[in-house]
Structures are given as structure tokens and as C-alpha cells.
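Here's a quick tour of one protein structure, written for someone just starting out. Take a look at it below, then read on.

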Amino acid sequence: ATQLDIGMIVVAMVCAAVAGTMLPLTAGFLGDLSAGMNDPLHFDEVVDKAALRLTLCGVGSFVATYLANVLSLLSSARQARRMREAYFAALLRMDAAWHDTHRPGEVAARLVGDTIAVQDGIGEKVALAMQYLAQFVAGIVIAFVASWKMALVLLSFVPLMALAGAATTVLLQKSDGEGQDAYARAGEAADQALAAIRTVVSFGGQRAEGVRYGTYLAAAERAGVKKGVGLGATLGTFLGIMMIEYGVGLYYSSTLI
């Protein structure tokens, strides 16, 4: 990464933090609006004030989210391009013995697949992580300012939600790694078959090569299915915890606030 890339990432993280803070602020403004509706004498004033705040939050969230995504994606694309150039240049410097011990098809698949994974991580995950972190911190602060007793009750569910999120992260990392390995082997098999297509056809090996290619794709499919099932289970658990937390908050709201 150059100094310009680092600067874009820093600005993107700041914008993502601003965008993440907007959602808890919007919830607080909506709460003030709901409370002000019980006062008919100042109803117009409350609605005008809430409308102005929500409009400013919407504009700020739009601008901050746009800058966070554009700058992070641009920086990640620039870095991924330089990674591919440096990786290819390193391959050209290797001697013949190194290439004899490494499969050429897998190297080509890795050159594309791994850099795309890095690019997606920098371009999407960094900004989202900062946005969610800012949203979490801002939500905690606003919750304690609004009602510290209710905030303490609801915070008891945070460890369970953290465990569900950690399980989701571990599952995604493991499944993505298995899928990348399977696709790399499948790419190598396809490259070998196409490079020696005359020999394959002359010996009638089309079916065998198809079976070999399908075996590697089946491994990638199993990794994808396992990823989908695990992700659905962990996200379902996460949403279930959130619904229980919401119910507990409604149950105790009349006594704690």
C-alpha cells in the first residue's frame, strides 16, 4: 500500500465510523418523537425538530457510507493490482526446480482467487467492521444516557451474541479456505487437460478428466453447503438471542424506566 492508499483507508474508516453512529442516533430521535407525541400542545414543534434531525442524519449517513465504500474499494483495487504484479514478477524469478515442485494450474488459480479474497477483505470488510464497531459503541453510550438500568439488563445478552458472532467468523474462514483449495485443484485439472487435449482425446480420457474435475468441484460444493448451513444456523441463533433480548426489554421496561 502506498501513502495514498493508506490515506484513503483512514478516511474510509472515519466515514464508516460516522455512518455507524447515525443509526443509534436515529433510534434516539425516533424515541424522542414517540415521547413528544403524548404532548399535544407542542406536537408540531416536536415533529419539526425530529424531522430536521432525521433529515440531517439521513444526508450524513448517505455521504459517509458512500465515501467509506468508494475509498475502501478504490484502495483495495489498487493494492490488489500491485499484489498480482509483484506475485507474477516473483514467479518469473523462480528457477526451474521450484516450478517442478509446484503445480502450474494451482499457481494461476491462486494468483486470481487469493488476490480477490484480499481485495474483498480490504474493500468491504474493513469499512463494515469499523461501521459496526462505531454502531455498537454509540448504541451502548446512547443506551446508558437514556436509561442505564435498562442498558444493564440488555447488556447481559451481549456475551451470547459475541459467541454466535465468533462462531460465524470461524466457520466462514474455514469454509472459504476449503473452497479456495478445491477451486485451485479444479483449475489445475482443467489446465492440464486443456494443455494436453490431443493426448486426452486420443486415449479417450475425456470421461476420466471430467470425473476428476467433477470430484474437485464436488469438494468445493460441499464446502459451500457446509458454509451455508453453518451460517444459517449461527445467524438464526443470533436472531433468536436478539428476539429474546427484545422480549426481556419489553417485559422490564415498565418497571425499570
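A nonpolar core is a set of buried Ala, Val, Leu, Ile, Met, Phe, Trp, Tyr and Cys residues joined through side-chain atoms within 4.5 Å. Buried means under 20% relative accessible area, with exposed over 50% and partly exposed in between (1.4 Å probe, protein chains only). Keep in mind that this is a predicted model: local features need pLDDT of at least 70, side-chain atom pairs count only at pLDDT 80 or more, and totals for chains, interfaces and linings use all residues. Residues are numbered from 1 along each chain as its sequence is written, and side-chain values use heavy atoms, leaving out hydrogens and water.

**The core**
- The largest nonpolar core is made of 6 residues: Cys-15, Ala-16, Ala-19, Ala-64, Ala-68 and Ala-127.
- Two helices (DSSP runs of H or I, at least four residues, numbered from the N terminus), α1 (3-36) and α2 (43-93), each supply at least two residues of this core.
- The largest share, 3 residues, comes from α1.

**The cysteines**
- Cys-15 is buried at 11% relative accessibility, and Cys-57 is buried too, at 7%.
- Leaving aside residues up to four places away in sequence, Cys-15 touches (heavy atoms within 4.5 Å) Ala-64, Leu-67 and Ala-68.
- How many disulfides (pairs of cysteine sulfur atoms within 2.5 Å) are there? The count is 0.
- For Cys-15, the nearest cysteine sulfur is that of Cys-57, 16 Å away.

**A buried threonine**
- Thr-115 sits in helix α4 (residues 104-146).
- Thr-115 is buried, with a relative accessible area of 9%.
- Not counting residues up to four places away in sequence, Thr-115 touches Ala-80, Met-83, Arg-84 and Arg-110.

How values were computed:
Disulfide = S-S within 2.5 Å.
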